[in-house]
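This briefing is for a reader who has not seen the structure before. Please look over the sequence and the model first.

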Amino acid sequence: MTGTQELRRRQPRFLGLEPGHRACQGCGQALAAALVTEAAGPDVILVNATGCLEVFTTPWPQSAWRLPWIHSLFENAAAVAAGVEAALKRQGRPSKVLAFAGDGGTFDIGFRSLSGMIERHHEVLFVCFDNEAYMNTGVQRSSSTPHAAATTTSPAGRKLPGKRHLKKDLLAIVTAHHLPYAATATVAYPGDLMAKVRRGMATEGPAFLLVYSPCPLGWVHDPRDMIAVARLAVETGIFPVVEFERGELVSVLPIREKKPVVEFLRLQGRFAHLLGDDPKALEEREHLQALADANIARFGLLARGEDERDTVSAARVRRGGRIR
Amino acid sequence: MLEIRIHGRGGQGNVVAAYLLAAAAFEGGLYGQAFPAFGAERRGAPVAAFVRCARRVIRQRCQVRTPDALIVQDPTLLAAPETLAGLAPDGVVLVNAGHAEALEPPPGIAPSRWIALPATAIAEKTVRRPIPNTALLGAFFALTGLVPLEALARALRARFPEATAARNRAAAEEASRRVKGGAWRRLVDARGL
Amino acid sequence: MRAAFEGSQAIARAVAMCRPEVIAAYPITPQTHIVEALARLVYDGELEAEIVSVESEFSAASVVLGAAAAGARAYTASASQGILLMAEVLYNIAGMRLPLVLTCANRAVSAPINIWNDHQDAMAVRDAGWIQLFCTDNQEAVDTTVQAFRITQRTEIPVMVCVDGFILTHLFEPIDLPSQEEVDRYLPPFTFARRLDPARPLTLGALVGPGHYTEVRAELAADLEAAKAEIVAADRDWADITGRFCGGLMRAQGPHSARLGILTLGSIYGTLQEAVATRPPPEPVRLMALRCLRPFPVEALREACRGLCDLIVLERAIAPGAGGILANEVRAALYGMPDAPRVHGAVCGLGGRDVPLEILPRLIELARAAEPVWSEIVDLQATPPVPMEGRVR
Amino acid sequence: MTAKDPALPQRAATLPPGSSRAYHTGSWRQQRPVHRRRPAPCHHTCPAGEDPQFYIQKLQEHEPEAAFRSILEANPFPAVTGRICPHPCETACNRGRFDEPIAIHAIERHLGDLAIAGRWTAELPPLEEDGPTVAIVGAGPAGLSAAWQLRRRGLRAVLYDRHPLAGGLLRTAIPLYRLPRAVLERELERLFATGIEFRGRCRLGQEIFLDDLRRTHDAVILAIGLSRPRPWSVRGAVPGDLHYGLALLEEWIDVGAAPLQGRTVVVHGGGNTAVDVARLAVRAGARAVHLVTTRALPGDPSAIGPEDVMQAFPREIEQAREEGVIVHPHTTITRLIIRGARLRAVELAAVRALAGPDGRTRRVAFEGTEQILEADMVVPATGEIVDAEGLDRLPRAGDFLASDRWGRIPGEKLLYVAGDASGRGASVSAAIGDGARVAAAVLHDLHRGLAPSPSPEPPIAYEALNLHYFDHEPRREPAILPVPERLESDREIEQGLSASEIASEAGRCFSCGNCLACDNCWTFCPDLAVLKTAEVARDGSHYVFDYDFCKGCGVCAAECPCGFIEMVPEPPPRFAAG
C-alpha cells in the first residue's frame, strides 16, 4: 500500500463518493454529490436517476460509490426511492433513502414521480443537482435553464438570443406540496450545504434539496472558476439560497456585498452573447439583473449590516479547517 | 345447463343479482357462473348480466345469447328489443312491475311463462331501499325450485353484513310467498337440473 | 377451501397469502378490483403490507422495482395503457434481474379506446425479459399467482401473470383457494442476495458499454431459457400440495389420432373445450393452451404438435401488417420440425368481442383451406354482443 | 473492497463499492497543482529578516516556543525590536488593504516576553574550540546580531566596545519609556549565555587596535555605529553653550539629568534622536519645547516623497506632540539671534523640498517667510557620522565607511563593516539584519557557509489571495499610558496585548503565500484528490495531492485563500529505460 493509499485510508472524513469517477475537470455535480454523501453517510441508500452523475460514477466494471446505490431510469428516481423506503419501513430497517437527479430528472421528466413521492409523504431526501440543462446529452435546454442562456437547443441565434423562457420556479411548486422541508444550497457554501443535508436527513417525511452545481462544459467557464461562478450566482441574487418548512420561508443566506449580475455573466460562455453593447444584449442583461433584483426583494436577501449567517460569514475559513 | 340473463339499469344491483344467483346455486350444490355484460355504462343505463347453472363445471366464457330465463328489474326495459332477444322457445320471463296485473306479456309468450311482480314495493317494505333484485331472486327460486331459499340466504350472509342480509332475506321470502311455487319446475328439469 | 368468488377477489386473496411486503398500483379497468381488494385487506389489518397508491403506472412499476431491490416481496397489477406506460420500467426490472410479480388483467390497447379484453397489452411487452404466464380460468389465476412468487424468487426474473380482463377478473364462479398453511409450506420467506444494504453496499444498475452489454443480455436470455424447468417444477410442487395442476408450460387435450389442433391463449380455451364437448366436430380435435409465452416452450410445443396435419393458432391480438403474433412465433418454433403441421393464423375476440361456441365450426372450416391461412380475423362478421337486434319468438 | 469480491453476486452487472479507485483519472491531467510557498510581505519587508507569517502560524498552532525560535534565527532580541521597531512589516501587511494590518509588533513583543518569562533558549551547536574566531568592534545591534549569527554556526565571536556594558544605543540612546532596561538585560543575558565573549571599555585606537585584532582573529567586523554628531552651525554661528542632542540623550539616560530646567528649547532635526531629545526636554522641565524640521509630518500630503517626511517613527512624533512638543514642519533655522554668548531667539523660515534638474531633491528656504521664535537653547539633532578614530586608513563613503552590500571593505581581506557605520543601518532592525548579512559573508569567506543568498523572491501580491474567505475584523491596539503618568515616571508608554488579544490578532492573519490549513482544497476538490495530513507535510502544507486522481481542474488553486497553490504544466512522461 503506497503512502497516499495509506493516507487516504486515514482521512478524517467519510466519503460516499470515491475518486476515479469520470466527471469532467471542475465538475460541480461531482463536488456536490461528494459533499452531500459525506454529510448523509454512511447509513443511507442512494437512488440515482439517469444523468451525468450516474454515467460518470458507474461505468462497468467500476463504481465510485461507497454506499448502496441503484440506478433505474431517467424519470423515476423519486418513485424507486419511494419503493425502497416502503420496503425499509415494512422491514423495520432504519437506513435513510436519498434520491439524486439532475434538473432534467427533477424539473421535467421526473417531476410526476417527484410530486407523487412528496404527496405520499415518503421519508426520502430528494436532492436535485441543478446544472440548468441536459448536460448528459450535450447541453440541451431544460425548464431549469435560465432565461437567455445559450444551449444547443436554445442557441444564441441572430433572431433569438438564447432561451426564450424563464427558469421554472420549481421550489415554489415543491413547497406548494406543504412538505416538511425544502431548501436550496450551492457548492460555493459547503458548510451551508452539508447542514441542510443533515436537516433533510433528520426530517420525518419528504425533504427536498436543490443544489446549484456549475457545469464547466455546459456553462462554458474555466473549470477553475467552478466555485467562483456558484458564489457569484448567490452574491448577485441570481440563485437565492433559501429554506422552507411546511411551505413557509424560514431562513435565507443573506448577501453581505451584492454584486452586479454582469460579473456573473462575464465568466460564462453561455451568456457571452449578452455582453456586447447591441440593444438586444443590453435588454437581456437588464432583464437578468431585474430577475436577480426581484429574487432579492422576494426573499429579502440583502443582509442588514454584518450577519453571522451571511454570504461572507458562511464562506469564512480559519487555520485548522472549516467548521463542518 | 340453465342460462339466465338479467336486465336492469346501472345502480339497480344487476351484477349483484347475477353474483347472488350464482352464489345461491353454488350453495345449493350446483355449479354457478355469473358475469356482467362488461360495459362502460353509468348509473341509469340499461345493463345486462349473465348466469349459468349446471350440475358440472362450466367452461365456456361466452355471453348468454339464448337465455332460458330472463329477469327484468325494470319494466321500461321491455321497450328495448334486445331485452327479450334470443329467449328460448320454452324460456320464461320474470318482470318487476309496479302494477303487475296491468302488464301483459308480449305476443309469442304464453302467460304461463310470464310473471310480473311488484318487487320494488316489496323491497321498499323489507329492505327499505328500492332495490328489487333480491325480491326477484326469491321469486325466481320459488318458481323454479332451482335451489332452496336457504341457499340464497347463505349467499346473502356471505356477501352482506348480518342486518342487510336479513332484510334481503325477508324480501326474498316475501316475494316467494307472492308466486306459485314450482310453476316453472318443468323448464329446470328439461335443462337437466 | 372451495367457494364462489369474483376472479379479482380470488386473485387478491392468493396474493395476500403470499405475504407481499410492498404493493404499488395505479387504477385502471379491469385491474381495479384486485388492487381494491388488497387495499381493503391492508386497511382492515388482515394483511401486513405497505400499500403505495402511486400517481401513475410508471411509478407503480418503479416503486415495486425499488422495493424488490431493497429486499422486499413486491407486487403490482395493471392492464392495457398501464402496461404500455410501464414498458420502460418493465424492461428495466428484468434487465436488473429484480424479482417481483405483476398481474396483467389483459385489455385492448387504444385507439380506439376500448376497455375490454384482448392480449395486445401483454404482447406489446413480450420481449421485455419477463416470464409471462397465461391463465385459462380463475383457478389457474389463483394457483399461478402463488407459483409466480416462487418462480421469481428462485430465478430473479420478474413474472407477469396474464388474466383475461372482465372475462376472468369479473367472472363469479366456484374456486378452490389454498390455505395459508399450504402457501407457507410452498413459498419460503423472501430473500434477495443483491439487496440494497449499507452493511454491504453494492452498485445496481451500472452503465455497461459495448464491452460487456452483450454478456449481460446473454445472461438474461440464457436464464430465461433455464427458467422453463423452474416453471414446470413450481407447478409440479404446487400440485403435490393442492392436487391442482396448471399444465406446466402448456395444456393439451384430445386424442392422439387427432390431425387437427387448435392452440390458443387464456380463457378462450374453456369455450373451445365446451364447444368440442357440446358440438362434437366431424373429426377429432386436439386443443392446446399455451400457458408460458415467455420463455417460449419450443420443445413442449413440438411435442404437443406431433402427428398433427393442421394447427390453428387462435389469438386475441394482432400485429397489424404481420398477422397473428402468436401464430408467427409458432411457425418459427415449428420450422424445421419433421412432418410439421400446416399453421393457420386466426385472430378473434379483439377489444372484448364475445367469442361464442360457434367459433369452432368456423375454425374447422378454416383448416380445410387448400393453402395454409397466413392470418385471418375470423369474427369480423360475428354476431355483435348485447345489445343486439331482437329476435322474439 | 476495490478488488472483486468472490462472494459478490455479479448478476446484471452489479458492482463492488469504491472499485473506481482502480481507475486513475489523473492520466487526464494537463496541468497539476503544486504547493508553492511565497514570501509574505511582512517577511519580505522585515529589515531584520524575520518571518512574521510563520511565527504567527506557530502561535496559532499553540507552539509559541517554536514561534519564538523562528524569530531567533534572524533576530536575538524580539522583546526589544517588538518594542522599538517601526515595524515596516505592518505597513506592508496585505491585511492593511483589506481592513487594518495585523499588530505584528505586538505579537513579536508578546513572544519575546514569553521567552524571557519562560527562560526559553535556542538550540545551538557546540562551539568550535579550535575553530576560527571573529572580532567584532561595537556591541550594538549590528555587532550583537553578527556575533549571534556566527555563534549559531558554532564560531567564536569576541565583542569589543568602548562602553563598559554591551547594547550600544539600545542601552545609551533609547529612552527608558520605550525600552525598559530589564527587557534589554534579559535578552543580552540569553545571548551571552551561549558563549559569546564581551570585552568592555575597549575604545578603538586607544585600548584596542585594528592591526592587533586582525592578527589575533581570523576576521574582523567593524560595527562601530555612528557616534560623532554631524558638525552643526547656522551660517557659521553657534551658541556658546552648545549641546548636541545625542550627548544630552545619553547623559539623561545614564544619570537622569539634563540642563534644561525652565528653558525654552528648540530642537533642530526630524529623526528619532531629535524627537527623543524634545521629549526628554519636556521631562527635564523645559518651559517650552519646539522641534524644527525641514521635512513634513508623516501623512502630510504636501510631502513630495518619503525623503521629504520626518524619519522619526510616526507614533513617537504623535506621543511627543501629546506631551507638548511643538513641531514646526517644513521649517528650518535661518539665523541664530545671540546677545553676548547667550541665545535669545532663532529665525525660522518655511522650507520646501524641490526636485532639482539632476533629479535629486534640494531644499529651499523661501525669503519673506522668516519669523522670530524666542528661545534660550537650541539643540541640534541632525544626525551622526562615523567616528573613524583608529581607522584612518580605511576608505570612506560620505559619513560612513565604504563597503559592498555584504559589508566587505574594498581592498581588505576578512575585514567588514556592519550596521549604521556602513550606512545600511537606519533602524535597529536594519542594523540587526545587516549584522546577520555580514556574518553570512564572513561565514562564507571562512568556508563555513554558502554564498550569501541573492536578492529574495518578491512578496506575494494582495491580488494573488482569495479574500472571499475572510471577514472584516478590527485590529487590537495596545493601551497607551496617559500623558501625566508618562511625565512623572519612566514607565513604558505602550503596553502589550493580552494573550487573548494576541490570539485574535494571529487569527486575522491571511497566511499570505503559505498554507492556512483551512481545508478549502480538501473540501472543494471534485475528484477527491486532496488528502489531509495529520502532521505538516514535507512541503509545509497540511495536504497532499493524490495525482492518481487529480484531473488538474485548478479549483484548489483558485479557492486557496493564501495563494499557496499554483497550477504548473504537467511534466512530460518519463519512460523507463529498456
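The model is a predicted one. In chain C, six strands form an open sheet with mixed pairing. In chain D, helix 13 is largely enclosed by the rest of the structure, because 11 of its 12 residues are buried.

**The sheet of chain C**

- The strand order in the sheet is 10-12-11-14-15-16.
- Strand 10 (250–253) and strand 16 (376–377) of chain C each have a single partner strand, so they stand at the edges with one side left without a neighbour in the sheet.
- Five bridges join strand 11 (residues 260–264) and strand 12 (residues 285–290) of chain C, which pair in the parallel sense.
- Opposite C:Arg286 of strand 12 stands C:Gly261.

**Helices across the sheet**

- Helix 9 (residues 268–278) of chain C lies across strands 10, 11, 12 and 14, and runs at about 165 degrees to strand 12.
- Helix 12 (residues 359–367) of chain C lies across strands 11, 14, 15 and 16, and runs at about 135 degrees to strand 14.

**Helix 13 of chain D**

- Helix 13 of chain D spans residues 272–283 and reaches 16 Å from its first C-alpha to its last, close to the 16 Å expected at 1.5 Å a residue.
- Its buried residues include D:Asp276, D:Arg279 and D:Leu280.
- Among the elements of chain D that cover these buried residues are helix 12 (245–255), strand 7 (264–268) and helix 14 (314–322).
- After helix 13 of chain D comes D:Gly285, with a positive phi near 95 degrees.

Notes:
Residues are numbered from 1 along each chain as its sequence is written. Chains are lettered from A and ligands numbered from 1 in the order in which they are written. This is a predicted model: local features need pLDDT of at least 70, side-chain atom pairs count only at pLDDT 80 or more; totals for chains, interfaces and linings use all residues. Two strands pair if DSSP finds at least two bridges between them. Helices (H or I, at least four residues) and strands (E, at least two) are DSSP runs, numbered from the N terminus. Two residues are in contact if their C-beta atoms, placed from the backbone, lie within 7 Å. Axes are lines fitted to C-alpha atoms, for helices over the stretch in contact, and angles run from 0 to 180 degrees between N-to-C directions. The expected span of a helix is 1.5 Å times one less than its number of residues. A residue is buried if 20 or more other C-beta atoms lie within 10 Å of its own, exposed if 12 or fewer, and partly exposed in between; C-beta atoms are placed from the backbone.
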